[in-house]
Amino acid sequence: MAADLKISPRHVGHLARTIGLEMAQTRDANARQHRQRQLPAEVANGPTLAAIEIDGGRMFTRQASCGPGVHQAQAKEDKIACLLNLESHTQEQEPQPEPPPTFRDCRRVVRLVQRVHGGPPGLMLEKDEAAAKKGAPVQAVKDEVAVEPWPGAPQRRLRTCVATLQNSQAFGPMVAAEAQRRNFYAARQQVFLGDGAAYNWSIQRGYFPHAVAITDFLHVICYVYLAAWAVTTWSASQAGAATRNAQEHWELYLRWMRGCWQGEVAGVIAELALWQEKLGRPLSGEKLDENDPVKLLAEGLTYLSNNKDRMDYPRYRQQGLPVTSSLVESLVGEFNARVKEKNKHWDRPEGGEAILQLRAAVLSEDDRLARFFAKRRGCLYRRRPSIN
């Protein structure tokens, strides 16, 4: 019931699809204009610090035009970009030489690993095990890891976002167009944060070559924690122990995490490489269990080796730059709150694309949805009531 008018759920869905697809057309037109160097900036001055953070989620889709019900269900990746105006200050000295307490809290770290990677069954906490046995879904605790928890961290001023189900080749121009619209290319500083996925850095090199590229430290924590789990689990099996030494695991994680935080990633990589000589490398084409210690250690070593040039965290903090992509991580959660549920399946591709545009408009802090309706043409066949 709205304004004493009854609107059926089907009609609401039709309107949402129509408006969402119109917004997608506007987004794609902006991307084409940007490629042709014809897209103007909508603000006169660029921000002091412009940040682009990229991540992705999953949403359930179905084949369209197959009648009622879910047909040919598929989980598809939705790519999400968070574009931020940040305020920060360069500092004379490293503001946070030691890792913040939040990264040294066992419960919070385990929660983070579960949320980002899932992790081996041994990581599950007792109350989650009880919930799982009863069939209840295991819920991740919100805000377990504080956003940029160190003195002088950059402060958020304005956020807008871009979302799509399309591939990274299409996604890159969309993000670049949104950055151009907000005059990010005139910013005094640009920073690009990603989780280590190769397509993130392709977008950075192609569209934001002057931005400081930074690997999200939260993902570094996860890979380091799982690598420590792999080493201590393997060591326990070699010693004939039933379970790994939890204290040894935690201390190893702390040492490696501290090394990465303090910019000594080369030493951590060297130590992981020595452990790999003991555990062995995965054979080409060999299919290992996802929790196999050999596999987890190899993934951690590969991740750090591929991203080491984007992990100079002491310098980033001294320059007042963010070192985690926690803002886009939380943004993905806000998208999921509307578009991702067990029994929600969106028509592929138009239904999913439409709802993502509406959600992006609602979550952007520039009155995007209101401005869109203010500029949108009305129906040509409907007469407006005369005013006497």
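Helix axes are lines fitted to C-alpha atoms over the stretch in contact, and angles run from 0 to 180 degrees between N-to-C directions. This is a predicted model: local features need pLDDT of at least 70, side-chain atom pairs count only at pLDDT 80 or more, and totals for chains, interfaces and linings use all residues. Residues are numbered from 1 along each chain as its sequence is written, and side-chain values use heavy atoms, without hydrogens and water.

**View 1. Helix 11 packs on helix 12.** Helix 11 spans residues 326-339. Its axis lies 10 Å from that of helix 12, at an angle of about 130°. Helices are DSSP runs of H or I, at least four residues, numbered from the N terminus.

**View 2. Side chains at the crossing of helix 11 and helix 12.** The crossing is right-handed (the near helix is turned clockwise from the far one by less than a right angle). Contact (heavy atoms within 4.5 Å) involves Leu331 and Phe335 of helix 11, among others. Helix 12 contributes residues including Ile355 and Leu363. The contact residues divide into 8 nonpolar, no polar and 3 charged.

**View 3. The second largest pocket.** Its volume is about 760 Å³ (the space filled by probe spheres set on the grid points). A pocket is an open set of points on a 1 Å grid, with protein on both sides within 12 Å along at least five of seven lines; lining residues have an atom within 4 Å of a point. Of 26 lining residues, Gly13, His14, Arg62, Trp346 and Asp347 are the closest to the centre. Helix 1 gives the largest share, 7 residues.

Note on methods: 1 Å grid on protein atoms, 1.4 Å probe; cavity = no way out; pocket = protein on both sides within 12 Å on 5 of 7 lines; lining within 4 Å. Helix = DSSP H or I, 4+ residues; strand = E, 2+ residues; numbered from the N terminus. Nonpolar A, V, L, I, M, F, W, Y, C, P; charged D, E, K, R; others polar.
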